[in-house]
Amino acid sequence: MRQLYVNGVWLSSTSGEGVDVVDPATEEIIDRVPAGSPADVEPAVAAARAAFPSWSRTAPAERGKLLAAAAGLLRERAEEIARTITTDMGAPYPVALQVQTLMPAGVLESYARLAEEYDFDRGRVGDSLVVKEPVGVVGAITPWNYPLHQVICKVAPALVAGCTVVLKPSEVAPLAAYALADIFHEVGLPPGVFNMVSGRGPVVGEALVTHPHVDMVSFTGSTRAGRRVAALAAETVKRVALELGGKSANLILPDADLAAAVKVGVANAFLNSGQTCSAWTRMLVHWDQYDEAVRLAVEAGRKYTVGDPFAEGTRLGPLVSAAQRDRVIRYINRGQEEGARLVLGGTDAPLERGYYVEPTIFAGVAPGMTIEQEEIFGPVLAIVPFGSEDEAVQIADGTPYGLSGAVWAGTEERALAVARRLRTGQVAVNGGRFNPLAPFGGYKQSGIGRELGEAGLEEYLETKAILL
């Protein structure tokens, strides 16, 4: 069984218990990590607290050099780590390499640069000096769907800010976090600056959130779990950053390039087997183009070959676990029960072994249906008709979420005008690509705060006024 990383060394858990890590494509146990306990959290937080004074006084450029070195090692080991991620959570190997490994390496590099470029001394306001200082000890709790990217999105800006960190990675897919811990150790990150305690959320996560010496909690996961984190953190008035669920709309206006909008929209919805919080899981199309959009979506969806995530040509790997597969199947059944029309996929198991769900598309979806309102977190796309631009905006904004989305129109000007109306944290216009330097985060029940870029760094900074 693996160990915990605390104060620069690997330690056994006091619990003596473990969690099996299962390959979702084969259903075989591939590793075992500690099921940490609150007693394991104590030395990790103590180490982070002890390391904070020295690390916070380290020059930002020096902190950045360590991150740059870590990014270099991550790139050197990218193929190995991508294979680990594929085995750990099922992403097809090309996705695991390009999206799950090399993109996080780029994010790490961006924060290494920002460490040198960011002005922590904000200058004078009247007779006062305004400065930015690190929050303190950060508890970072990350999910399984992007098991390296989500860790780096929290740990990198926290370290640049001068904070120290205790990470609890998801016990469902923890192995990429172990690879990153090895890298941080090798580049010489000082003991206590980065610590990692694996385990279950209700045990290790809650011990972190309630710990009086943890100054901030950054959490990514479900909205339900985020509510729990916020409530527990409130007891000690911690700063909280929450990146939660989504039910994002891909809004296609009548003058848009329909074929391109549908093709890109299907790809976005099915990326990572639909296990993406920002996935465009609702496609909104004008009534006049609705039948054609459904036809194009089905045509595109049929090209998403389900199979071994290491096999050439596989575009859809398994879901991460049996529980997640069963959850998605329940939503597919619910969609049919509520009157939506299944035009692709369904609940049949496409392979004898592995937690697979076929690429699934629903037509005839009305606003308010469960599959239109709730985050499914699987390869399920709902196509919803609208009659006017105002109605389309109303449907797009008609869920509790507001994380991402897209607008397609005949001109950028028109698409931008509609994008500005949407109550969501990020909007792609006419196929605008994901930008790892741009702020990422949600409105409404999609969360609090932002990740990535300068906005992500500032989540981990306090503002101090020095009166002269």
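Student: How many bridges join strand S15 to strand S16?

Tutor: Strands of a sheet pair through backbone hydrogen bonds, either parallel or antiparallel. Two strands count as paired if DSSP finds at least two bridges between them. Here, strand S15 (residues 360-363) and strand S16 (residues 380-386) run parallel and are joined by 3 bridges. Helices (H or I, at least four residues) and strands (E, at least two) are DSSP runs, numbered from the N terminus.

Student: Is this a real or a computed picture, and how are residues numbered?

Tutor: This is a predicted model, in which local features need pLDDT of at least 70, side-chain atom pairs count only at pLDDT 80 or more, and totals for chains, interfaces and linings use all residues. Residues are numbered from 1 along each chain as its sequence is written, and side-chain values use heavy atoms, with hydrogens and water left out.

Student: What is the order of the strands in the open sheet with mixed pairing?

Tutor: Its 7 strands come in the order S14-S15-S16-S13-S12-S17-S18. Strand S14 (341-344) and strand S18 (428-429) are the edges, each pairing on one side only. Helix H11 (residues 322-337) packs on this sheet and touches S14, S15 and S16, where contact means heavy atoms within 4.5 Å.

Student: At what angle do the axes of helix H13 and helix H14 cross?

Tutor: Axes are lines fitted to C-alpha atoms, for helices over the stretch in contact, and angles run from 0 to 180 degrees between N-to-C directions. The axes of H13 (residues 389-396) and H14 (residues 412-421) come within 10 Å and cross at roughly 45 degrees. That makes H13 oblique to H14; angles under 35 degrees count as roughly parallel, over 145 as roughly antiparallel, 65 to 115 as roughly perpendicular and the rest as oblique. Glu389, Asp390 and Val393 of H13 meet Arg414, Val418 and Arg421 of H14.

Student: Is histidine 149 buried or exposed?

Tutor: Buried means under 20% relative accessible area, exposed over 50%, and partly exposed in between (1.4 Å probe, protein chains only). Histidine 149 is buried, because its relative accessible area is 7%. Histidine 149 sits in helix H5 (residues 149-161). Beyond neighbours within four places in sequence, histidine 149 contacts Gln100, Met103, Pro104, Val107 and Leu452.
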